[in-house]
Amino acid sequence: MDHTNNSSSSCSAPLKDVEGQSLSPAARAKVDRICKACQDGPDTEALLQLAISEHGLVYDEARRKAWPILLGYSVTGGSPLGYNADWHDLPRHKDEDQVRLDVDRSFVYYPKSWYYSIRQDRLYRLVDVTVDETDRQLDRRKEELSSVITQVLRSHPMLSYFQGFHDIVQVFLLVLGADEAPAAVSHLSLLRIRDFMLPSLSASLAHLRLLPSILHAADANLCHHLSQTQPFFALAATICLYAHDIEEYGDIARLFDFLLAHSAVVSLYLFAVIVLSRREELFDIPADEPEMLHSVLSKLPKPLDLEALISETTSLYAKFPPESLPFRAWAKISPFSVLKTTRGSFRQQTLKDGVELFEKQVAQLHREQMLEQVRATFWKYRRPTRRVGLAIFIGVMAFWLRRNGFETYAGFAFQKLWGYFRIIGRQ
């Protein structure tokens with residue numbers, strides 16, 4: 001796929017920061033490497049390493065070049081959203097009323113406290129320039145945010161909006177601008193956060209079930225201490241890529257550098273690292289007080305040492321990759337989930353691929369709902385159907401799955417059903 005980025009925004013190392021003071025040679029050198037990696041080719045591997053490394057992509061001009069590449073698309077040629085019609089003429093999306101309510105509550109932290117961050121603890125000098133926007137400017141930004149979200153939803157009407165999506169989109173709007181943000185958000189929605197935009201929450205909750213396995217691999221004692229607390233405490237932060245919780249614009253932009261350079265599962269590893277960093281605090285709370293533990297874990301600590309957390313997340317991910325996690329946690333994840341489809345060479349995926357994967361996930365959700373209904377029925381009539389009914393049912397299911405082209409799912413379905421029947425067989 002051609003990722004060449006010929007957008008009008010320039011990408012070159014600035015000689016001075018926003019206060020007019022000269023940047024360090026190290027800062028200019030890094031920006032030059034970022035710009036070079038974005039040119040003619042591009043050198044995706046070099047760009048990935050630069051995005052992951054300390055301080056990430058440094059500043060927004062570089063991000064405007066780099067983020068489309070990290071998301072796997074080109075800003076030139078054809079319609080980046082996968083359609084040609086004016087989005088205003090497309091049918092209204094079912095979630096637009098909720099979008100309007102959330103947009104009205106947006107831009108709480110930035111750009112009200114928007115700052116251009118170029119840091120110098122060793123490499124960059126911290127510049128904190130507050131930009132207070134007028135009410136008129138803020139209203140204009142909200143209109144732009146509403147337009148970007150509505151454009152994406154109308155263009156891909158199968159997507160379901162979720163609260164927190166607007167927090168993600170406002171970061172892309174501030175970094176890329178109103179013209180470039182829709183393409184980026186479309187690719188993000190269909191290829192990286194698709195699980196959150198399905199018609200059911202079940203795929204999102206499946207993400208959370210990986211968290212105990214990651215914690216167990218890293219710290220079995222802490223995992224045991226939290227075993228009475230369901231991992232739902234991680235949902236609010238991970239579903240919006242931490243954009244609702246991190247208040248400084250420079251920090252969330254830098255975190256997006258890191259997350260876009262990795263597969264989707266890394267967001268869960270980051271949350272695990274945050275939990276591990278609170279080990280002493282959590283052990284002070286009794287294990288038999290899950291409500292208290294949930295309350296503490298559902299709020300991110302402040303301030304976050306973002307660079308340290310990113311470094312530790314990278315190490316944890318390398319030490320305990322998803323395939324190595326205990327309890328067969330990774331095997332239980334759907335093959336169509338973004339947790340798995342963003343592993344490997346996923347940047348070759350197109351929006352069409354994302355739509356096809358979305359449809360496969362929806363079909364799988366429907367099958368799982370059917371199996372749940374079957375389990376409930378067999379539980380209700382378990383004694384008279386325990387022997388003869390099981391044999392008949394398995395034969396019917398095998399025929400149905402094959403007739404409808406679900407051979408690849410049959411093994412997974414029967415594995416679930418066999419576990420269920422082993423349980424009722426003991427009743």
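Me: What percentage of the 427 residues of the protein count as buried?

Reply: Buried means under 20% relative accessible area, exposed over 50%, partly exposed in between (1.4 Å probe, protein chains only). Here 52% of the 427 residues count as buried. This is a predicted model: local features need pLDDT of at least 70, side-chain atom pairs count only at pLDDT 80 or more, and totals for chains, interfaces and linings use all residues. Residues are numbered from 1 along each chain as its sequence is written, and side-chain values use heavy atoms, with hydrogens and water left out.

Me: How many helices and strands does the protein have?

Reply: Helices (H or I, at least four residues) and strands (E, at least two) are DSSP runs, numbered from the N terminus. The protein has 20 helices and 0 strands.

Me: At what angle do helix α1 and helix α2 pack?

Reply: Two packed helices are described by the angle between their axes and the distance between the axes. Axes are lines fitted to C-alpha atoms, for helices over the stretch in contact, and angles run from 0 to 180 degrees between N-to-C directions. Helix α1 (residues 25–38) and helix α2 (residues 44–52) pack at about 145°, with axes 8 Å apart. Lys30, Arg33, Ile34, Ala37 and Cys38 of α1 meet Ala46, Leu47 and Leu50 of α2 in this contact.

Me: Is His207 buried or exposed?

Reply: His207 is buried, at 6% relative accessible area. His207 lies in helix α8 (residues 202–208). Contact means heavy atoms within 4.5 Å. Leaving aside neighbours within four places in sequence, His207 is in contact with residues including Asp195, Phe196 and Leu268.
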